[in-house]
Amino acid sequence: MAESSEKYDPSTYWLAPSRNFRTSARLHLQHLLFQNTLGCLLEPQVQSFVSGSKQLKVADLGCGNGVWLNNLHDELSAKGISAQLDGYDIKPTYFPAAAHLPPSVTLKKLDVLERPLPEDMVGAYDVVHVRAFASIIHKSNLTPLLSTALALLKPGGWLQWEEARVDAYLVDAPTPETSTSACETIVRVLQAGGEARGSTFEWLGQLDRGLSEHGFAEVRVRGADTRPQDWKAWTEDYLIVWEELAVFFPPRAEQPQAPMAREDWVALFARAVEETEQGVAVHNKQVVAVVGRKPT
């Protein structure tokens, strides 16, 4: 019997059993790359706000394995700031054992886009952090996520949201003679698939406008260029994701007329890996960070 293909559903994709330790390892790499690019855990406006706090409550939405919160604990502790750091994610498999977490960090299972939100979370946080939600923003609709962030914040609290500019994949070769055809083909296929699902990512270029339209004040946005010395790591981060996408293409025996069968994708991916082994890099030129404050 031919193996069936899966339909991409952002609400369930990240729950698949195969995406546990591999994805968690990728999240550690992704965190390193975001920090190398942005140069800070907290944007200047949020850092200034936090520095004046003695008791702080922070929520990290889609926290993954909690790596950002763990680093924040270290930074705040070094400054003598007491904090309650809560991470929320739909998949607790990524969570470290509670016994291995810093005392200020708690990780909890929660779909942060579901309603109603738990009552004890509403209006409870000084800072809400969001990172890498682009793949679950459907048809450029920021309302589900931003309404959650706004609801969780205390009056005067800050949202910090960071995204790689996935609307602009770049494929760079070390020399003009180095082939990039397989990597470029994968980028085109993924862009076409995203457009077909209603994920065009044009909103990434106007995140500040999105926050303002949803009621945030003092909105600021900053774009930081990725570092060439990190491009290999960005490439490997994306290769991990690309390899797992094979299940979304039908086997040739199941759909002989499919424009891209699973076997085609596997072969294309193998050629892309060969190109990266010759120095080809796939990356996004920028990471963007936007902050906004809930009005008092």
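## Exercises on helix packing and aromatic rings

The residues that cover the buried side of helix 3 include those of strand 1 (55-61), helix 4 (67-78), strand 4 (125-131), strand 5 (153-164) and strand 9 (286-293). The model is predicted, so local features need pLDDT of at least 70 and side-chain atom pairs count only at pLDDT 80 or more, while totals for chains, interfaces and linings use all residues. Residues are numbered from 1 along each chain as its sequence is written, and side-chain values use heavy atoms, leaving out hydrogens and water.**Exercise 1.** Determine which residues of helix 3 are buried and how they are arranged around its axis.

*Solution.*
1. Helices (H or I, at least four residues) and strands (E, at least two) are DSSP runs, numbered from the N terminus.
2. Buried means under 20% relative accessible area, exposed over 50%, and partly exposed in between (1.4 Å probe, protein chains only).
3. In helix 3 (residues 44-51), the buried residues are Val46, Gln47 and Val50.
4. Seen down the axis, these buried residues fall within an arc of 100°, so they line one face of helix 3. The arc is taken over the directions from the helix axis to the C-beta atoms.
5. Pro44 and Ser48 are exposed on the other side of helix 3.

**Exercise 2.** Identify the buried residues of helix 5 and the elements against which they pack.

*Solution.*
1. Helix 5 (residues 143-152) has Leu145, Leu146, Thr148, Ala149 and Leu152 as buried residues.
2. Around the axis they cover an arc of only 155°, which puts them on the same side of helix 5.
3. They pack against strand 1, strand 4, strand 5 and helix 7 (207-213), where contact means heavy atoms within 4.5 Å.

**Exercise 3.** Classify the aromatic pair formed by Trp234 and Tyr238, and locate both residues.

*Solution.*
1. Rings of Phe, Tyr and Trp (its six-membered ring) pair if their centres lie within 6.5 Å; planes under 30 degrees apart count as stacked, over 60 as edge-to-face and the rest as tilted.
2. By this rule there are six aromatic pairs.
3. The pair of Trp234 and Tyr238 is stacked, with 6.3 Å centre to centre and 25° between the planes.
4. Both residues lie in helix 8 (residues 231-244), four residues apart, about one turn of the helix.
5. Trp234 is buried at a relative accessible area of 2%, and Tyr238 is buried at 8%.
6. Phe34, Tyr169, Trp234 and Tyr238 form one aromatic cluster.

**Exercise 4.** Describe the surroundings of His283.

*Solution.*
1. His283 is found in strand 8 (residues 281-284) and is buried, at 1% relative accessibility.
2. Not counting residues up to four places away in sequence, His283 touches several residues, among them Tyr169, Trp231, Trp234 and Tyr238.
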